[in-house]
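Here are my notes for your first look. Keep the model open as you read.

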Amino acid sequence: MHSFLAYVSVEKGLSKNTVGSYQLDLQKFRAFLMSRGRDFPDFSKADVVDFIQRLRDEAYATASICRCISAIRGLCKYLLLENRIGEDPSENLESPRRWERLPKAISVEDVKTFLETGDAESVHSSVTGRDSVMFELLYSSGLRVSELISLRLEDISFDAGFLRVIGKGSKERIVPLHGRALERLKRYISQDRPDILRKKKSPYLFITRRGGPMTRQRFWQTIKAFGKRSGLDISPHTIRHSFATHLLEGGADLRSLQKLLGHADISTTQIYTKVSADRLKQVYSKHHPRA
């Protein structure tokens with residue numbers, strides 16, 4: 001397994017987060033195999049199908065199951081390349097996309113309520129000021145949380161009005177920012193950030209009192225807490241999905257949205273057309289006199 005993880009990291013260029021997720025997924029699969037008296041590479045398609053069914057029975061999210069399947073498929077292809085297996089047990093494996101739930105998005109009004117809660121609390125300390133700016137930037141750019149916390153000072157171009165983002169697979173993209181987000185970033189960098197660092201130095205944009213970059217876990221906890229105070233159930237993914245849904249509803253084309261979100265395949269972006277259609281049905285049902 002370690003040789004496979006090194007292969008996808010070096011040869012395939014997968015991000016550290018993806019490689020780490022693959023490792024956890026394959027450890028689960030290996031434990032499942034060992035409970036049957038087997039180990040890598042001795043497994044069949046039936047083993048894979050039974051493992052996926054186990055994940056479904058344990059109420060794993062569809063996205064997590066898809067990632068497990070992706071990890072297993074990648075492992076099988078690697079084992080074939082290394083001539084350690086003669087047939088691919090993951091070949092023609094049914095994708096669970098038909099189970100996939102639509103991404104959760106909140107309304108423009110709810111986003112405004114959430115951001116205003118952050119703004120109100122940001123006056124109390126530099127830390128809450130930092131958090132409020134992160135929320136604003138998340139909705140302004142639609143970044144993944146891993147991309148947000150990895151931003152460096154050098155990634156901002158105030159003159160051009162954009163961010164340089166390193167996304168999945170170490171792929172670089174340019175994301176524009178509106179004037180409000182840029183002004184808030186300037187204020188954070190000149191006032192709150194130096195106060196948090198207290199003469200420490202860091203290349204990262206969003207930092208902690210210790211001088212290190214904000215962690216995914218800490219930011220997740222922070223945004224959930226602010227959401228609760230706003231009366232909303234919010235996660236970083238909720239804000240990203242809302243960014244995409246609101247742009248599409250405002251008339252953005254799918255190709256532009258794909259580039260902004262950093263999706264390698266436009267089929268991933270197309271799920272937001274289903275979200276918009278679903279919202280249209282809700283509006284129709286609510287307001288049409290005959291509905």
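1. Start with the cavity lining. By class, the lining of the largest cavity has three nonpolar, one polar and two charged residues. (Ala, Val, Leu, Ile, Met, Phe, Trp, Tyr, Cys and Pro count as nonpolar; Asp, Glu, Lys and Arg as charged; the others, Gly among them, as polar.) The lining residues are Leu-143, Arg-144, Val-145, Pro-236, His-237 and Arg-240. Helix H10 (residues 236-249) gives the largest share, three residues.

2. A word on the source. This is a predicted model: local features need pLDDT of at least 70, side-chain atom pairs count only at pLDDT 80 or more, and totals for chains, interfaces and linings use all residues. Residues are numbered from 1 along each chain as its sequence is written, and side-chain values use heavy atoms, with hydrogens and water left out.

3. Now the helices. H1 (residues 2-10) and H4 (residues 62-81) pack at about 100°, with axes 10 Å apart. They are therefore roughly perpendicular to each other (65 to 115 degrees). H1 brings Ser-3, Phe-4 and Tyr-7 to the contact; H4 brings Ala-71, Gly-74, Leu-75, Tyr-78 and Leu-81 (heavy atoms within 4.5 Å). By class, this contact has six nonpolar, two polar and no charged residues.

4. Phe-40 and Pro-41 are joined in cis, with omega about 0°. Pro-41 lies in the loop between H2 (16-34) and H3 (45-57).

5. Arg-198 is not a glycine, yet has a positive phi of about 50°. Arg-198 is exposed, with a relative accessible area of 54% (exposed means over 50%, with a 1.4 Å probe and protein chains only). Lys-199 also has a positive phi, near 75°. Lys-199 is exposed at 84%.

How values were computed:
Axes are lines fitted to C-alpha atoms, for helices over the stretch in contact, and angles run from 0 to 180 degrees between N-to-C directions. Helices (H or I, at least four residues) and strands (E, at least two) are DSSP runs, numbered from the N terminus. Angles under 35 degrees count as roughly parallel, over 145 as roughly antiparallel, 65 to 115 as roughly perpendicular and the rest as oblique. On a 1 Å grid over the protein atoms alone, a cavity is a set of points where a 1.4 Å probe fits but cannot get out, and a pocket is an open set with protein on both sides within 12 Å along at least five of seven lines; lining residues have an atom within 4 Å of a point. Buried means under 20% relative accessible area, exposed over 50%, partly exposed in between (1.4 Å probe, protein chains only).
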